[in-house]
Structure formats: structure tokens, C-alpha cells
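Please keep the structure in view while reading.

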Amino acid sequence: MRHLLEIDDLTADELRNIVDLAYRPVDELGPVLAHQGVACYFAKPSARTRNSTELAVAQLGGHPVYITAGEVGIDERETAEDVARTFACYHRVVCGRVFEVAVLQRMAALEIIPVVNLLSEDAHPLQAIADVLTIEREFGSVSDVTVTYVGDANNVARSLALAVGMLGGTMRVSSPPGHRFSEVDLDRLASAGVEVDQIDRPTDAIEGADVVYTDTWVSMGQEQERNGRLKAFEGFAVDERMMSVNPSAIFMHCLPAHRNEEVTDGVLDGPQSRIWPQATNRLYAARAVLFWIESQRRLDER
């Protein structure tokens, strides 16, 4: 049984297949989830993730069921394993947006229902698939494209680096000390055949890049660290001056953006920005992943 908890759960060929599926109109994919439920478990609130996932399920003929943490009380009312067993009674797939990926890993380990990570503290694979789809729509291919990520080397940056690198692109990251990829991160990337250039100065990292990407410096659950993080990231805000280093580059952000914090209004709303096509591609990415997961399950059931 196949799951998608992080991009490197896939081979490069499988990632390529999923991105190709994201280009296909929904009518070509067909109602592969007809009369099936998909459990959409959200321990964290969401805008793009919930909307894109629920609509993707519906477009494939299925019925998404939105489930909050308070409704199931994982490891309070019952274990993650028993919640997964319950979901498997009714649903074809479990999609989860969680704080700790261990919850999803425990569900997946039962091998009774496919599990898809909608976001965890260390990975955001569906966002990364939408991101490489956005890059391909702009440049025709990820191969030979250089992506510079400026800011916190977080879950978004890790999944993005895997997706870009596995499809042949070059990944640069510019972060302040204490917020760069760890040795564990770099080892995992290297195991997937991905190398990342970590560059101190954002302007140096942006020079010659095709894509400039950033994310919030204070993610959900890090609010108590806000003041320290804002101080650490001084000089890393993506503004018009920074983007002018390479006027041909496009700008991307997974959203939500803290306007005029990690990025200025002028960049978000400016001519280099691709944030809304990028958000739109979240739907196509979710649809492609669900189609692929269902296809793999059907192969297993033969």
C-alpha cells in the first residue's frame, strides 16, 4: 500500500507521473473515487489546503468528510491507530494536516488505508507538487531552473527542495544562522540525490535565480518565538530592491503571507508575483495525488 508523507516517498519517475497527472483535465481522470469517502483530518486550520483537497475529492467523484482534532481526540479519546481503523471502515483514503507527522506515520504503519500528508511540522508535499507545477507552467520544465528560497528552512523548504532536486532543478537556500537546514535535513536530501546550496546573503542567492520563494518566519505553533524570529530574520525580507537583483525572476509564496514582514506588498502584488496561479495549482496537485494513490491501491487489490 502506498502513502505520501513526504516527497521522497516517491521515486523521481513517480513524482514526474504525478506532476503529469496534474495537467490532465478532470474529465480525463474520471470519477475514480465514485461513492467513496475520503477522511480529511485537520488538527490545524487551513484555507487553501482544505478547499483544494475537498474539491479535488469531489471532482474525482468522492465525498470528503472534514474532521477536526476535537472530534476524534487522538491519544486522548483513542489512539491514532484506532482512529485509522475507524476511518478505514468508511473511507478510501485518509488525508491529514497535523502538527506531528508521527500521527500519520502510525496510521500508515497499519497498512489498512492510504495516508496522505496535507502538512506536518517537517513536510508539505502537496504544496511542493503545486510549486513545481507552477514552475513548469512558467518555464516549461523544472530541469535547469534555479530556485532560491529565502527565509526559514522549514517544512515548505524541505519538500520544495526534494521536489525541485528530484526533477532536475537547482535549489539554493538563504537563511540566518539557527534557521538553516540541519545536517539531518541535508543527509535526507542527499539520499534522494538532491544537493542544496546554502548561501548567507539573500541577494547573492537571488542573483541568477529563476524563482525566488519565501514563507512566513513565524509558523503556526511558533507564536511564542515571534519576537526572536523577527530579530533573527532582519535583512531577509523579500522586497522590491531584492527582486530587482534579477528582474526576470518570478516570486512564489505558499501563503498565508504576513504582508510587509517576510515579503512586501509591492512584491506580492507586483508583476513578478505568481502567488495566485501557485494557489490555484494546489487543486490540481491534490487531484493528481488522490488519483495516483487510488490507482496504486487498485493495483494492490488485483
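In this predicted model, four strands, in the order E2-E1-E3-E4, make up an open sheet whose pairing is parallel. Its edges are formed by strand E2 (63–68) and strand E4 (115–119), each of which pairs on one side only. Going from neighbour to neighbour, the strands of this sheet are turned against each other by 25° on average, with direction ignored. Within the sheet, strand E1 (residues 37–42) is joined to E2 by 6 bridges in the parallel sense, and Tyr41 stands opposite Ile67 in E2. Helix H6 (residues 102–109) packs on this sheet, where it touches strand E3 (91–97) and E4, and the direction of H6 makes about 170° with that of E4.

The model also holds an open sheet of 5 strands, which follow the order E7-E6-E5-E8-E9 and pair in parallel. Here the edge strands are E7 (196–198) and E9 (250–253), each pairing on one side only, and the twist from one strand to the next averages 25°. Strand E8 (residues 211–214) pairs with E9 in the parallel sense over 4 bridges, and the bridge partner of Thr214 in E9 is His253. As a general point, the strands of a sheet pair through backbone hydrogen bonds, either parallel or antiparallel.

| Strand pair | Sense | Bridges |
|---|---|---|
| E1 (residues 37–42) and E2 | parallel | 6 bridges |
| E8 (residues 211–214) and E9 | parallel | 4 bridges |

Turning to the helices, how do the axes of H7 and H14 cross? The axes of helix H7 (residues 125–139) and helix H14 (residues 275–301) come within 8 Å and cross at roughly 120°, which makes H7 oblique to H14. The crossing of these two helices, H7 and H14, is right-handed. On the H7 side, the residues that meet H14 are Leu126, Gln127, Ile129, Ala130, Asp131, Leu133, Thr134 and Arg137, while H14 contributes Pro277, Gln278, Asn281, Arg282, Tyr284, Ala285, Ala286 and Val289. Sorted by class, the contact of H7 with H14 has 9 nonpolar, 4 polar and 3 charged residues.

Conventions
Residues numbered from 1 in each chain as written. Predicted model: local features only at pLDDT ≥ 70, side-chain atom pairs only at ≥ 80, totals over all residues. Heavy atoms only, no water. Pairing = 2+ DSSP bridges. Axes fitted to C-alpha atoms, helices over the stretch in contact; angles between N-to-C directions. Parallel < 35°, antiparallel > 145°, perpendicular 65-115°, else oblique. Left-handed = near helix turned anticlockwise from the far one by under 90°. Contact = heavy atoms within 4.5 Å. Nonpolar A, V, L, I, M, F, W, Y, C, P; charged D, E, K, R; others polar.
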